[in-house]
Amino acid sequence: MAPTKRQSTSGAGAAAAKRGRKADADEAKKAEAIAEAVRGAEGVPAAILGVLANAVKVSLGACKDVRHAFAEQYFGMVDEVLKASEASAREQDAALEAKVAASGAERAA
């Protein structure tokens, strides 16, 4: 009798599981990036930022239609902190650009 080929141990199920693990890893990276941005925000006490950053994965990990009301509130607070941080960064950027422009005008004069 002729030898038969060994059956593959990694079939479609294994490939789907691998894609699922990759998607989970991508979501975890995104959640960690958001958490780091929250931790680095200014104008909010560090303890509060820590609580919000620690809750990012839990509050943002579930789809909107199955989130608990508390998770939705955390999501709103994280959104508010990030928007305030972005506005602060834009203001700092504008101030630095104005300073550079003034310095260039001084040199030209």
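Student: What should I keep in mind about the numbers here?
Tutor: The model is predicted, so local features need pLDDT of at least 70 and side-chain atom pairs count only at pLDDT 80 or more, while totals for chains, interfaces and linings use all residues. Residues are numbered from 1 along each chain as its sequence is written, and side-chain values use heavy atoms, with hydrogens and water left out.

Student: How many salt bridges turn up in the whole structure?
Tutor: The search finds five, a salt bridge being a side-chain nitrogen of Lys or Arg within 4 Å of a carboxyl oxygen of Asp or Glu.

Student: Which residues are linked in a network?
Tutor: E32, E36 and R39 are, with R39 meeting E32 at 3.3 Å, N to O, and E36 at 2.7 Å.

Student: And where do R39 and E36 lie?
Tutor: Both are in helix α1, residues 12-39, three residues apart, which is about one turn; helices are DSSP runs of H or I with at least four residues, numbered from the N terminus.

Student: Switching to α4, which residues are buried there?
Tutor: They are A71, V78 and V81, where buried means under 20% relative accessible area, exposed over 50% and partly exposed in between, using a 1.4 Å probe and protein chains only.

Student: What about D79 and K83, exposed or partly exposed?
Tutor: D79 counts as partly exposed at 32% relative accessibility, whereas K83 counts as exposed at 53%, and their salt bridge has its closest N and O atoms 3.3 Å apart.

Technical notes. Helices (H or I, at least four residues) and strands (E, at least two) are DSSP runs, numbered from the N terminus.
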